[in-house]
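This briefing covers helix packing, the sheet and the chain interface. Please keep the sequence and the structure open while reading.

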Protein chains: 2
Amino acid sequence: MISKNQIKIINSLQQKKYRKIHQQFFAEGKKVIQELLNSNFELIELFTTQESFPNVPKSQINTIFEADLKKISALVTPNESLAIFKIPNENKLKTDNGLTIALDDIRDPGNMGTIIRLADWFGVLQIVCSNETVDVYNPKVVQSTMGSLARVNVVYLNLNDYLKTCNLPVYGTLLEGENIYSEKLNRNAVVVLGNESNGISATIQELITQKITIPRFGTLQETESLNVATATAIVLSEFCRNN
Amino acid sequence: MISKNQIKIINSLQQKKYRKIHQQFFAEGKKVIQELLNSNFELIELFTTQESFPNVPKSQINTIFEADLKKISALVTPNESLAIFKIPNENKLKTDNGLTIALDDIRDPGNMGTIIRLADWFGVLQIVCSNETVDVYNPKVVQSTMGSLARVNVVYLNLNDYLKTCNLPVYGTLLEGENIYSEKLNRNAVVVLGNESNGISATIQELITQKITIPRFGTLQETESLNVATATAIVLSEFCRNN
């Protein structure tokens with residue numbers, strides 16, 4: 001059973017403002033929920049139409065009708081379960097060891113989720129984000145991380161201040177950079193990825209110490225630039241392949 | 001001005017069945033439309049609220065109200081212009097020179113569009129698709145190619161028959177393949193990419209002559225596999241970087 005008021009609150013969690021007020025977010029589908037349960041996220045309540053979660057105390061499981069799941073889901077096709085989690089205390093910077101990804105105003109939730117999933121695949125433990133970057137607890141971000149959210153430390157901060165004081169080489173992909181395929185890449189570093197429309201902002205560009213570029217192989221020069229998520233895939237692959 | 005009947009026909013073009021009947025598809029936004037105009041696509045009619053297209057004959061431009069554009073657009077936020085193009089005669093296999101991408105039942109329009117855009121960036125001239133792969137003239141595919149559709153030859157065929165007779169090395173990313181970073185990759189080849197949920201199908205797997213794998217660098221073994229579009233980015237990058 002689910003009350004009207006619960007439906008209202010869960011729907012409100014689609015907005016950052018209400019996530020902040022309630023300090024809660026939600027995830028959908030067994031796979032993503034299970035990954036979050038296996039990590040340090042604190043479950044508040046689990047709504048499900050049929051799936052069994054043997055490791056969740058029965059007091060936290062609420063079996064509901066499909067019609068009710070539809071009312072609380074953010075998906076076009078609801079996926080059997082929806083779980084409410086507590087938003088943990090703000091993540092802190094954990095490490096300056098290894099590669100850190102810095103996001104300069106990434107706005108698309110799908111891109112953000114894909115980047116977190118890539119970070120997880122390539123063993124990047126930390127992502128620092130400008131405060132304008134899309135919220136990591138946005139339902140679309142949570143879903144597209146496919147559970148990787150549980151394994152990557154995502155920190156929001158003043159990116160300008162961070163880059164000024166981090167004492168690490170700061171890489172950024174820019175059109176006039178060095179060919180990424182011939183550069184010796186240092187894995188103890190920060191890699192900055194820019195906004196979907198505007199790329200890396202002017203003030204952040206000034207803090208980049210190593211300009212790199214992914215060369216275009218197509219002979220037709222009209223080719224649109226790469227999408228930020230696919231560019232991230234190529235950059236992380238290059239940083240990892242020789243290390 | 002736009003008639004009710006025109007609106008009905010344009011809306012129907014969101015479905016493959018009606019695109020086939022009318023032999024038409026549509027594209028939205030100046031950038032994508034301009035790219036298609038610059039290539040061999042034949043314009044049927046251009047609907048616009050304000051943009052100027054100096055190279056389009058006035059007889060083909062139909063200035064409409066924003067409210068009407070909203071009625072024909074497939075976008076949440078319509079983008080000033082929508083153009084109807086003729087679907088060209090079925091593309092033929094053009095070349096067995098260089099790298100060919102083979103798509104084995106890619107279903108997500110966004111992934112398909114991103115793969116076409118990547119192909120364009122890396123100079124891949126041809127993509128062969130199983131007949132079950134999402135239609136390249138699906139509006140979401142057209143939009144996410146960002147115009148690259150104009151520069152890559154996309155052919156639908158019986159993938160099984162094609163791979164059996166193509167006389168080229170056939171690469172496929174499989175979990176138990178050779179490390180892609182240490183393999184010598186032959187650029188005169190076919191690379192097969194598999195379905196989002198099921199990967200490369202069993203019958204197609206039998207036709208793969210070179211099994212490759214993108215190694216996981218994260219130490220946590222639970223990491224979800226890579227999304228097919230980001231895997232494509234890494235694979236194409238590897239094929240091109242040393243060639």
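Angles under 35 degrees count as roughly parallel, over 145 as roughly antiparallel, 65 to 115 as roughly perpendicular and the rest as oblique. This is a predicted model, in which local features need pLDDT of at least 70 and side-chain atom pairs count only at pLDDT 80 or more, while totals for chains, interfaces and linings use all residues. Residues are numbered from 1 along each chain as its sequence is written, and chains are lettered from A and ligands numbered from 1 in the order in which they are written.

**Helix packing in chain A**

- Helices (H or I, at least four residues) and strands (E, at least two) are DSSP runs numbered from the N terminus.
- The axes of helix H5 (residues 109-121) and helix H9 (residues 228-241) of chain A come within 9 Å and cross at roughly 15°; axes are lines fitted to C-alpha atoms, for helices over the stretch in contact, and angles run from 0 to 180 degrees between N-to-C directions.
- H5(A) and H9(A) are therefore roughly parallel to each other.
- H5(A) contributes Asn111(A), Thr114(A), Ile115(A) and Leu118(A) to the contact, and H9(A) contributes Val228(A), Ala229(A), Thr232(A), Ala233(A) and Leu236(A); residues are in contact if their C-beta atoms, placed from the backbone, lie within 7 Å.
- By class, this contact of H5(A) with H9(A) has six nonpolar, three polar and no charged residues (Ala, Val, Leu, Ile, Met, Phe, Trp, Tyr, Cys and Pro count as nonpolar, Asp, Glu, Lys and Arg as charged, and the others, Gly among them, as polar).

**Sheet in chain A**

- Six strands form an open sheet with parallel pairing, in the order S7-S6-S5-S9-S8-S10; two strands pair if DSSP finds at least two bridges between them.
- Strand S7 (153-157) and strand S10 (210-213) of chain A are the edge strands, each pairing on one side only.
- From one strand to the next, the twist averages 35°.
- Strand S8 (residues 170-179) and strand S9 (residues 189-194) of chain A run parallel and are joined by three bridges.
- Tyr171(A) has Val191(A) of S9(A) as its bridge partner.
- H9(A) lies across S5 (99-104), S8 and S9 of chain A, at about 160° to S9(A).

**Interface of chains A and B**

- In the interface, 30 residues of chain B are in contact with 30 residues of chain A.
- On the side of chain B that touches chain A, H9(B) gives the most, with seven residues.
- The residues of that side of chain B divide into 12 nonpolar, 10 polar and eight charged.
- The copies meet through the same surface, because 100% of the interface residues of chain B are also interface residues in chain A.

Notes:
Contact = placed C-beta atoms within 7 Å.
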